[in-house]
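Dear colleague,

I am handing over the structure below, and after it I set out what was found. Please read the notes with the coordinates open beside them.

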Amino acid sequence: MAHLKMVFHVNENDRWPFTIRSVHNLAHSDEETSVTVVANGEAIRSFSQLDADPVRFEKIKQLRDAGVRFVVCNIAMNERQIKPELVPDYVEIVPAGIVEIAKLQAEGYGYVKA
């Protein structure tokens, strides 16, 4: 069995349902996986008080508990004036989402644009 390493890049807020469904399918497959979801751009809106979705957060937490790593871009947060305390503690804030994606690809992660 292969070890699959994937990074999902979500930068549009309306792409969260697809992203969560795809990540769930991969994380719960019979394959050994390492999965990271990087959110930047408009997808950061999910972490604002105006667009927070408790059902989405619960799904993200369940995937995190299953071993999926979720990160959000600090630059995008600053641009949208989203305070770090709004980000759930099970989601990591990275300095720049695009840099995180590049690092993961350098480590052999496949890339999925969600």
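Leaving aside neighbours within four places in sequence, Thr 36 is in contact (heavy atoms within 4.5 Å) with Met 6, Val 7, Phe 8, Arg 69, Val 71, Leu 104 and Tyr 109. Thr 36 lies in strand E2, where helices (H or I, at least four residues) and strands (E, at least two) are DSSP runs numbered from the N terminus. With a relative accessible area of 2%, Thr 36 is buried; throughout this message, buried means under 20% relative accessible area, exposed over 50%, and partly exposed in between, with a 1.4 Å probe and protein chains only.

Before going further, please note that this is a predicted model, in which local features need pLDDT of at least 70 and side-chain atom pairs count only at pLDDT 80 or more, while totals for chains, interfaces and linings use all residues. Residues are numbered from 1 along each chain as its sequence is written, and side-chain values use heavy atoms, with hydrogens and water left out.

Arg 69, one of the contacts of Thr 36, also takes part in salt bridges, each defined as a side-chain nitrogen of Lys or Arg within 4 Å of a carboxyl oxygen of Asp or Glu. A search of the whole structure finds 5 of them. In one, Arg 69 pairs with Glu 92, the closest N and O atoms being 3.0 Å apart, and this pair links distant parts of the chain, with Glu 92 in strand E4 and Arg 69 in strand E3, 23 residues apart. Arg 69 is partly exposed at a relative accessible area of 23%, and Glu 92 is partly exposed as well, at 36%. Arg 69 also forms a salt bridge with Glu 100, where the closest N and O atoms are 2.9 Å apart. Glu 100 belongs to helix H4 (residues 97–106) and Arg 69 to strand E3, so this pair ties together parts that are 31 residues apart in sequence. Glu 100, at 11% relative accessibility, counts as buried.

Strand E4 covers residues 92–94, and Glu 92 lies in it. Not counting residues up to four places away in sequence, Glu 92 touches Arg 69, Phe 70, Val 71 and Val 72.

A further salt bridge joins the side chains of Glu 42 and Arg 80 (3.3 Å, N to O). Glu 42 sits in the loop between E2 and H2, and Arg 80 in the loop between H3 and E4, 38 residues apart. Glu 42 has a relative accessible area of 37% and is partly exposed, and Arg 80, at 27%, is likewise counted as partly exposed. Through shared partners, salt bridges join Glu 42, Glu 79 and Arg 80 into one network.

Turning to the interior, a nonpolar core is a set of buried Ala, Val, Leu, Ile, Met, Phe, Trp, Tyr and Cys residues joined through side-chain atoms within 4.5 Å. The largest has 27 residues, of which Trp 16, Val 37, Phe 47, Val 68, Phe 70, Val 72 and Val 91 touch the most other members. Two or more residues each come from strand E1 (3–10), H1, strand E2 (32–39), H2, E3 and helix H3 (74–79), and H1 gives the most, with 5 residues. A second, separate core of 7 residues includes Val 7, Val 71, Ile 101 and Tyr 109. Apart from its neighbours within four places in sequence, Val 72 is in contact with residues including Ala 39, Ile 44, Phe 47, Met 77 and Val 87.

Helix H2 (residues 54–65) has 12 residues and reaches 16 Å from its first C-alpha to its last, close to the 16 Å expected, the expected span being 1.5 Å times one less than the number of residues. In H2, Arg 56, Phe 57, Ile 60 and Leu 63 are buried. They cover an arc of only 125 degrees around the axis (taken from the directions from the helix axis to the C-beta atoms), which puts them on the same side of H2. What covers these buried residues includes helix H1 (16–27) and strand E3 (69–73), whereas the face turned away from the buried side carries the exposed residues Pro 54, Val 55 and Asp 65. After H2 comes Gly 67, whose phi is positive, near 105 degrees.

With best regards
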